[in-house]
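Work through the exercises below with the model open. Each task is followed by a stepwise solution.

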Amino acid sequence: MALGPASAALQPLDLASYGPVIPVIVIERVEHAVPMARALLDGGVRVLEVTLRTSVALAAIEAIARAVPEAIVGAGTLRSAADARAAHAAGARFAVSPGYGAAVAAACRELALPLLPGVATASEVMQAADDGFRFLKFFPASAAGGVAMLKAWASPFADVAFCPTGGIAIDTAPAWLALPNVKVVGGSWLTPAEALKAEDWPRITRLAAEASALRPA
Ligand code: 3PG
């Protein structure tokens with residue numbers, strides 16, 4: 001898919017069209033942001049979720065958005081409307097939340113920030129779908145029911161697609177990707193804390209390339 005300008009309307013499901021895995025990134029040092037993004041891109045990974053779990057996360061999003069325009073950088077772990085506004089101001093092109101919250105949903109809608117909201121129960125799927133969200137993060141995927149849960153949801157929620165995240169690794173991802181209602185998976189294994197700390201960019205490129213090459217089981 002061609003990458004449009006930052007203002008081009010990105011639909012949530014577009015995030016699944018760039019590759020099978022979205023890295024879930026926890027970044028501790030802002031100076032790691034750009035080399036890490038380039039390392040991931042070198043491995044074929046363009047969609048990057050930087051979680052708002054550290055004090056430098058927003059600055060990291062800003063740095064990547066400015067210096068690595070080929071990347072599609074978004075913000076993860078949005079828990080409030082204020083998080084949505086801060087992520088948008090930093091240049092995030094999409095947002096991810098661990099659960100489903102009406103305030104986050106409304107703020108993202110107001111900002112025209114594509115949101116991948118998290119769900120872990122059928123009731124939350126119903127609520128999110130009622131509010132117009134048809135592409136959801138299933139979190140924490142392994143702990144909340146695993147592959148069997150999404151298989152069970154395929155029939156009642158045939159119009160809903162999922163990005164499972166939480167406890168997924170390179171060896172378990174193919175089983176998830178084989179599900180018809182899974183378009184992409186998320187995981188932190190592409191950017192291990194120790195690789196970031198050691199500035200081991202070749203390792204991150206290798207992990208990204210392996211992830212890019214994943215196929216459904
Ligand atoms: C998330 O926020 O989606 C998870 O922390 C990522 O889960 P993982 O670390 O088990 O991949």
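The model is predicted: local features need pLDDT of at least 70, side-chain atom pairs count only at pLDDT 80 or more, and totals for chains, interfaces and linings use all residues. Residues are numbered from 1 along each chain as its sequence is written, and side-chain values use heavy atoms, with hydrogens and water left out.

**Exercise 1**

Determine how helix 3 and helix 4 are oriented, and list the residues in their contact.

Solution. Step one is to locate the elements: helix 3 spans residues 81–90 and helix 4 spans residues 102–111. Helices (H or I, at least four residues) and strands (E, at least two) are DSSP runs, numbered from the N terminus. Step two is the geometry: the angle is about 30° and the axes are 8 Å apart. Axes are lines fitted to C-alpha atoms, for helices over the stretch in contact, and angles run from 0 to 180 degrees between N-to-C directions. Helix 3 and helix 4 are therefore roughly parallel; the classes are roughly parallel under 35 degrees, roughly antiparallel over 145, roughly perpendicular from 65 to 115, and oblique for the rest. Step three is the contact (heavy atoms within 4.5 Å): Ala81, Ala84, Arg85 and His88 of helix 3 meet Ala103, Val104, Ala107, Cys108 and Leu111 of helix 4. By class, this contact of helix 3 with helix 4 has seven nonpolar, one polar and one charged residues. Ala, Val, Leu, Ile, Met, Phe, Trp, Tyr, Cys and Pro count as nonpolar, Asp, Glu, Lys and Arg as charged, and the others, Gly among them, as polar.

**Exercise 2**

Classify the packing of helix 1 against helix 9 and against helix 2.

Solution. Begin with helix 9 (residues 201–212), which packs on helix 1 (residues 33–42) at about 40°, with axes 7 Å apart. Helix 1 and helix 9 are therefore oblique to each other. In this contact Pro35, Met36, Ala39, Leu40 and Asp42 of helix 1 meet Trp201, Ile204, Thr205 and Ala208 of helix 9. Next take helix 2 (residues 57–67): its axis and that of helix 1 come within 9 Å and cross at roughly 55°. Helix 1 is therefore oblique to helix 2. The residues in contact are Ala33, Val34, Met36, Ala37 and Arg38 of helix 1 and Ala60, Ala63, Ile64 and Ala67 of helix 2.

**Exercise 3**

Identify residues surrounding the ligand, then find side chains with polar atoms at its oxygen atoms.

Solution. First, the surrounding residues (a heavy atom within 4 Å) include Val24, Phe139, Thr165, Gly166, Gly167 and Gly187. Second, a polar side-chain atom of Arg53 lies 2.3 Å from a ligand oxygen. For Lys137 the corresponding distance is 2.7 Å, and for an N or O atom in the side chain of Ser188 it is 2.5 Å.

**Exercise 4**

Where are Pro140 and Thr77, and what is the omega of the bond joining Phe139 and Pro140?

Solution. Pro140 is in the loop between strand 7 (135–138) and helix 6 (146–153). The peptide bond joining Phe139 and Pro140 is cis, with omega about -10°. Thr77 lies in the loop between strand 3 (72–76) and helix 3, and its phi is positive, near 60°. Most residues other than glycine have a negative phi, and most peptide bonds are trans.

Note on methods
A polar contact is a pair of N or O atoms within 3.5 Å; within protein, one must be able to donate a hydrogen and the other to accept it, and residues adjacent in sequence count only if both atoms are side-chain atoms.
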